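Subject: A structure for you to explore

Hi,

Here is the structure I promised to pass on.

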Amino acid sequence: MSTDAQVPFLTQDAYDRLVAELENLSTTGRDEIAKRIEAAREEGDLKENGGYHAAKDEQGKQEARIRTLEQLLKTAKVGEAPASRGIVEPGTVVTALVAGGEEIFLLGSREIAASGSDVDVYSEASPLGQAILGLKVGEKTSYEAPNGKSISVEVTNVETYAG
């Protein structure tokens, strides 16, 4: 796998959307969670305080999302989706016969897809993504699924992601 495959790809729209999400979570989101935790703390006994534990759990998830976004935005390659050259690469929409059934999906980070998009997204680091990365239209391969089964794949089309 090439080094470029390790670098997440984001469209400018996706990058801008994620910067705004990070800003919101880092400011307003943190303030809201802190207020909820403080209000729950004032209710008394923390051992049996469901609201307190729920708020702390949400705070942990939010902080994890902030760290994920910071890392992604720091390392992402931002630009236009690569023009389709008939080769599977991050940021392309792939049509493939997977185990005999046709699947259409975006290869890359789920963060690329616009919110509300119904396109499936597979990471290039997934078993399927690793198997097809760099393949051309018409090429076949197989990969081992997490359950140990060998799954056949044939790339039938590669298109530029339009967002």
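Let's start with I37, which counts as buried because its relative accessibility is 6% (buried means under 20% relative accessible area, exposed over 50% and partly exposed in between, with a 1.4 Å probe and protein chains only). Before going on, please keep in mind that this is a predicted model, where local features need pLDDT of at least 70, side-chain atom pairs count only at pLDDT 80 or more, and totals for chains, interfaces and linings use all residues. Residues are numbered from 1 along each chain as its sequence is written, and side-chain values use heavy atoms, with hydrogens and water left out.

You will find I37 in helix 2. Helices (H or I, at least four residues) and strands (E, at least two) are DSSP runs, numbered from the N terminus. Which residues does I37 touch, leaving aside its neighbours within four places in sequence? They are Y52, A55, K56 and Q59, where contact means heavy atoms within 4.5 Å.

Now look at a loop. A99 sits between strand 3 (92–98) and strand 4 (101–107). This residue has a positive phi of about 55 degrees, although it is not a glycine. Most residues other than glycine have a negative phi. Is A99 buried or exposed? A99 counts as exposed, because its relative accessibility is 58%.

Finally, the whole chain. There are four helices and seven strands, running α-β-α-α-β-β-β-β-α-β-β from the N terminus. The chain is more spread out than a compact globule, because its radius of gyration is 20 Å, well over the 15 Å that the globule rule gives for 163 residues. That radius is taken over C-alpha atoms, and the rule is 2.2 Å times the number of residues to the power 0.38. Along its principal axes, the C-alpha trace spans about 65 × 35 × 30 Å.

Happy exploring!
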